Amino acid sequence: VGRYSTNNFTSASLLTTQVFGSSYVNVDVTTQEGVDHAASLNLVGSGVPDILVSPLFEEVVNRLYSRSHPTKMMVTLRHPVQRAIANYYYMRTATWDPQFDPSLASMTLEQYALSGQMENNYVTRLLTGKFRGTLNRNDLAYAKEILRKKALVGLYEDLNGAMDHFERYFGWAPATSDALNCQARILEAGLQKVQFTPLDEGATAYTLIQHQLQFDLSLYNYAKNQLIPYQHEAVRRQSQQFENVIS
């Protein structure tokens, strides 16, 4: 729960705290310091947390998980071009965010696409750990393999479907109608976080942004057209087998 907790997340022992009725552990795995602290407390090996949420993929995997404590990621992918456009609009107005960039307010989308602020295949680089230099087809193949072997994948454009996929795989279900309604509100809020007029695929800005995201686009299309349908069918068969056993 980290920075949102009243507990000290530099504590020498693992503690749990209640936030809006849910239990959280007093670590913050959204920072390198927090990941190191979690590792020192044997967070994963303790068996205390059920889920970790962090943007630090490589750090969390290398420091907290191992062959004796493997993990399964839940990944929600957004169309890369739409993600980049949403990030542009968000970062030029989100004064509360440490990554707020006031220079974007005077920059057109086309200028942003040609600038150094524009992301370059963020997801592929995140999965491969290759944050600098030129990506190649081997990097793309490696990123696909990580998703295939280590991740349950859903689409941002279908958050309800993604949530249903994750719940079916793990055997989760909202315990009460209040929990179900809360989940629906959170999903709706996520979709409405940044509103903007969709960009026509023939627009200059769209083409410029697309050029920066070729590997992420290939990864997204692989997940959407091949991996997710395969996973849905595998989970359906798993659920059917379980129902047959208990019936």
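Colleague: Is Lys 130 buried or exposed, or partly exposed?

Modeller: Lys 130 counts as partly exposed, because its relative accessibility is 25% (buried is under 20% relative accessible area, exposed over 50%, and partly exposed in between, with a 1.4 Å probe and protein chains only). This is a predicted model, in which local features need pLDDT of at least 70 and side-chain atom pairs pLDDT 80 or more, while totals for chains, interfaces and linings use all residues. Residues are numbered from 1 along each chain as its sequence is written, and side-chain values use heavy atoms, without hydrogens or water.

Colleague: Which residue forms a salt bridge with Lys 130?

Modeller: The partner is Asp 139, with the closest N and O atoms 2.9 Å apart (a salt bridge has a side-chain nitrogen of Lys or Arg within 4 Å of a carboxyl oxygen of Asp or Glu). Asp 139 is buried, at a relative accessible area of 12%.

Colleague: And how many salt bridges in the whole structure?

Modeller: The search finds nine, and one of them joins the side chains of Arg 63 and Asp 36 at 3.1 Å, N to O. Arg 63 lies in helix α3 and Asp 36 in helix α1 (residues 32-40), so this pair ties together parts that are 27 residues apart in sequence (helices are DSSP runs of H or I with at least four residues, numbered from the N terminus). Arg 63 is partly exposed, with a relative accessible area of 42%, and Asp 36 is partly exposed as well, at 30%.

Colleague: What about Arg 83, which side chain does it meet in a salt bridge?

Modeller: Arg 83 meets the side chain of Glu 119, at 2.5 Å from N to O. That pair links distant parts of the chain, 36 residues apart, with Arg 83 in helix α4 (residues 80-91) and Glu 119 in the loop between α5 (109-114) and α6.

Colleague: Are those two buried or exposed?

Modeller: Arg 83 is buried, with a relative accessible area of 16%, and Glu 119 counts as buried at 16% relative accessibility. Arg 83 and Glu 119 are also linked with Asp 216 in a network of salt bridges.

Colleague: Switching topic, which residues make the nonpolar surface patch?

Modeller: Ile 51, Val 53, Met 74, Phe 170 and Trp 172 make a nonpolar surface patch of about 450 Å².

Colleague: Where is Phe 170 found?

Modeller: Phe 170 belongs to helix α8, which covers residues 159-170, and it counts as partly exposed because its relative accessibility is 31%.

Terms used
Patches are made of residues with over 30% relative accessible area and no salt bridge: like charges are joined within 9 Å, nonpolar side chains (Val, Leu, Ile, Met, Phe, Trp, Tyr) within 5 Å. Accessible areas come from the Shrake-Rupley method with a 1.4 Å probe; for residues, only the protein chains shown count as cover. Helices (H or I, at least four residues) and strands (E, at least two) are DSSP runs, numbered from the N terminus.
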